Amino acid sequence: MNNAYLYALTGIALFTLGLYALIIYSHLLRKILALNIMTGGVFLQLVALSTRARPLLDAVPHAMVITGIVVAVSATALALALMLRLRDASGSAELIEEPTE
Amino acid sequence: MEKLYLSIALLLLITLVAGLWRVLRGPTPADRMLAAQLFSTTAVACILLLAQAFGQASLRDVALVFALLATVAAVAFVCCAWPGIELEKNHVDD
Amino acid sequence: MTLLQWLFDGLLGVTLIWLAWQTLASADLFKAIVLFIAFGLLMALAWVRLNAPDIALAEAAIGAGLTGALLLVALARLNAVAAKTDNTESNRNAKQRFAPEDSVRTTAAVNQGFSNKQNLFRYSLVLMLSAVAAGLAYAVLSLPPEAPGLSRNVAENLYLSGVSNPVTAVLLNFRGYDTLLEMAVLLLALLGVWSLRRLPEQYDSSPGPVLDMLSRLLVPLLLLVAGYLLWVGARAPGGAFQAGSVLAAAGVLLLLAGWRLTARFLGWPLRFALIIGLAVFVSVALIMMLSGGQLLQLPPAFAGALILLIETAATLSIGVTLAALFYGSRPQPEQISARQTDSGGENE
Amino acid sequence: MSMTDFFTLLLLIAGAFFYIAGTVGLLRFPDIYSRLHALTKADNLGLGLVIVGLALQAESLTVVFKLILIWLLVLLASASVAHLVARSAQQKGIKPWTR
């Protein structure tokens, strides 16, 4: 089952892409999407590497990922609510860097 | 038979990936959403084929949940997201 | 056979990465969200291929359904606020701060002004992240090919747990702490959302006969499937989280179809439904501790029944909490909330 | 290869054909209303054929019922979504494509 490594590498790529977008973009909705993609990458990695535990299925990472998916969705909901509140307060959902000069 | 199931599943995955072009292209938000809705139908068939290929009966429950939840995002789109989005002028593809 | 599997996995992996890239790089936020929904769908396929049907169930319910709906509604609210506050105070403030352009153009201007610095930053970031990715890939590829993990411990003690599905055993018995704290996190997230200022409602007031019919047909089926997943979780993929997310989908569908909770259910019944999962879990844990065991230690004789009890309460709480998170702000008597509590109650 | 296997083969290939036809329709049709055909007709027929093909191989009657239930659910979902999307597209003022 070397396909596990394929999914593990996919997970790394997703994590890195998400991290890049999280740093680069200023719009908060994009940052939230980037965070979700990062978590997807981490989960993929965790489960893909656990499939090396042959012949038994390693249930602990599976359980962790299920918990993680539910936590991720609630965190996303909270982040979206905070984004909307920030939008109400400041008029923009982007983090804008003040010119320093 | 496993070969058959897997090759049909692969074929369906290819049609799904091809359908992504419509999501990228648009032109209206409805087109994108519709294509995403189409993916879930394809994914249901794909999961059922994989369930048969690997003899995992529990995967049919995944297909069932997929079939049930396919509507939620689309309904959310029709109810709330659609009114808030600017419509592009050119909505007909040549 | 193996070639076909390789092709399938390769195509799936490449498409996942490409979709993530397109999601993050697209200029149109709506397009990004739809691509993200497709991403969730393909993630569910990846879980299927990784032999993790439990996760596939959770991802199918949450990743492909609920998260997409959440993001779409948030985008609609964002756009609605943008349209409304175009000439109001907040935007004028923003304009004063970044005069004379609006905020988007300001970003562009800033980008241009600092373009050299920005480019340098970008390149060095790409370089650093490539190094991170390469390091991670090296670490993964140099791992030993076989790793027993905890699978043997789980398998050896499975008969003590009261259920035969190892994932459920881990979630509710062996590592009950995780699940307990996770329920608390859900409630905390809801408290956070509720403590923010109310947002205007963003739903179409006239759903039409088809949507009404659809909700009437689908919601009973969703409740049935939630109950089925809860019950089957003891020996096959399923369980409280999957059932709870399906229940939440029923609540979201009802909210979208225009159903609202009457004031009668908004006080104690709603709070009761939100808290019951955590309450049952904590009280079971405390009773076990007081009767001589340790916290969260379930006696093998009653473990099956106790797990079912905890899971039933947890399903109800998770479903109602997720639906309430979708609704956004705290429901007020004069207007709002899900018909969740009474419909969710039927599930038990 | 037994007779059942042969029929399964035929049905699965026919189903895949309709899926491909649906995707081609999604990609090639000129406007949203005609693209809806791909969603509501071709793909559901494809799924139906795939499900009949798999039901022939099913080990018990319960599995057959579950497969049919899945198909009915997808039919319900895509029919309603197609209607809702078309209705709101019309309300939004998108004109159907004419030659």
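How do helix 2 of chain A and helix 3 of chain A run relative to each other, roughly parallel or roughly antiparallel? I kept in mind that this is a predicted model.

**Entry: two helices within chain A**

I looked up the packing angle and found about 175° between helix 2 of chain A and helix 3 of chain A, with the axes 10 Å apart. An angle over 145 degrees counts as roughly antiparallel, and therefore helix 2 of chain A and helix 3 of chain A are roughly antiparallel to each other.

Next I listed who makes the contact. From helix 2 of chain A I noted, among others, A:Leu28, A:Ile32, A:Asn36, A:Phe43 and A:Ser50. From helix 3 of chain A the list includes A:Pro61, A:His62, A:Gly68, A:Thr76 and A:Leu86. Sorted by class, this contact has 14 nonpolar and five polar residues, and no charged ones.

**Entry: chain A against chain C**

I then turned to the interface of chain A and chain C. About 7700 Å² is buried between the two, and carbon and sulfur atoms give 77% of that area. Three residues, A:Tyr7, A:Arg52 and A:Ile66, supply 9% of the area that chain A buries against chain C, more than any other three residues. The contact takes in 77 residues of chain A and 92 residues of chain C.

I searched for charge pairing here and counted zero salt bridges between chain A and chain C. Polar contacts between chain A and chain C came to four residue pairs, with both residues at pLDDT 80 or more.

Which helices of chain A contribute to this side? Helix 1 (3-24), helix 2 (28-50) and helix 3 (59-90) each supply at least two residues. Helix 3 of chain A gives the most, with 23 residues. The side of chain A that touches chain C splits into 48 nonpolar, 18 polar and 11 charged residues.

**Entry: chain D against chain C**

Seven residues of chain D and 10 residues of chain C take part in the contact. On the chain D side, D:Leu76, D:Leu84 and D:Arg87 lose the most area to chain C, together 49% of what that side buries.

My search across this interface gave zero salt bridges and one residue pair in polar contact, both at pLDDT 80 or more. The side of chain D that touches chain C has three nonpolar, two polar and two charged residues.

**Entry: salt bridges**

How many salt bridges does the whole structure hold? My search over all chains found six. I picked out one, where the side chains of B:Asp31 and D:Arg35 meet at 2.4 Å, N to O. This pair crosses between chains, with B:Asp31 in helix 2 (residues 29-54) of chain B and D:Arg35 in helix 2 (residues 32-56) of chain D.

**Entry: chain B helix 2 with chain C helix 2**

Last, I checked helix 2 of chain B against helix 2 (residues 29-49) of chain C, and found an angle of about 0° with axes 10 Å apart. These two helices are therefore roughly parallel to each other. Chain B contributes residues including B:Pro29, B:Phe39, B:Cys46 and B:Phe54, while C:Phe30, C:Lys31, C:Leu41 and C:Arg49 are among those from chain C.

Key:
Residues are numbered from 1 along each chain as its sequence is written. Chains are lettered from A and ligands numbered from 1 in the order in which they are written. This is a predicted model: local features need pLDDT of at least 70, side-chain atom pairs count only at pLDDT 80 or more; totals for chains, interfaces and linings use all residues. Side-chain values use heavy atoms; hydrogens and water are left out. Contact means heavy atoms within 4.5 Å. Buried area is the accessible area (1.4 Å probe) that two parts lose on being put together, summed over both. A salt bridge is a side-chain nitrogen of Lys or Arg within 4 Å of a carboxyl oxygen of Asp or Glu. A polar contact is a pair of N or O atoms within 3.5 Å; within protein, one must be able to donate a hydrogen and the other to accept it, and residues adjacent in sequence count only if both atoms are side-chain atoms. Helices (H or I, at least four residues) and strands (E, at least two) are DSSP runs, numbered from the N terminus. Ala, Val, Leu, Ile, Met, Phe, Trp, Tyr, Cys and Pro count as nonpolar, Asp, Glu, Lys and Arg as charged, and the others, Gly among them, as polar. Axes are lines fitted to C-alpha atoms, for helices over the stretch in contact, and angles run from 0 to 180 degrees between N-to-C directions. Angles under 35 degrees count as roughly parallel, over 145 as roughly antiparallel, 65 to 115 as roughly perpendicular and the rest as oblique.
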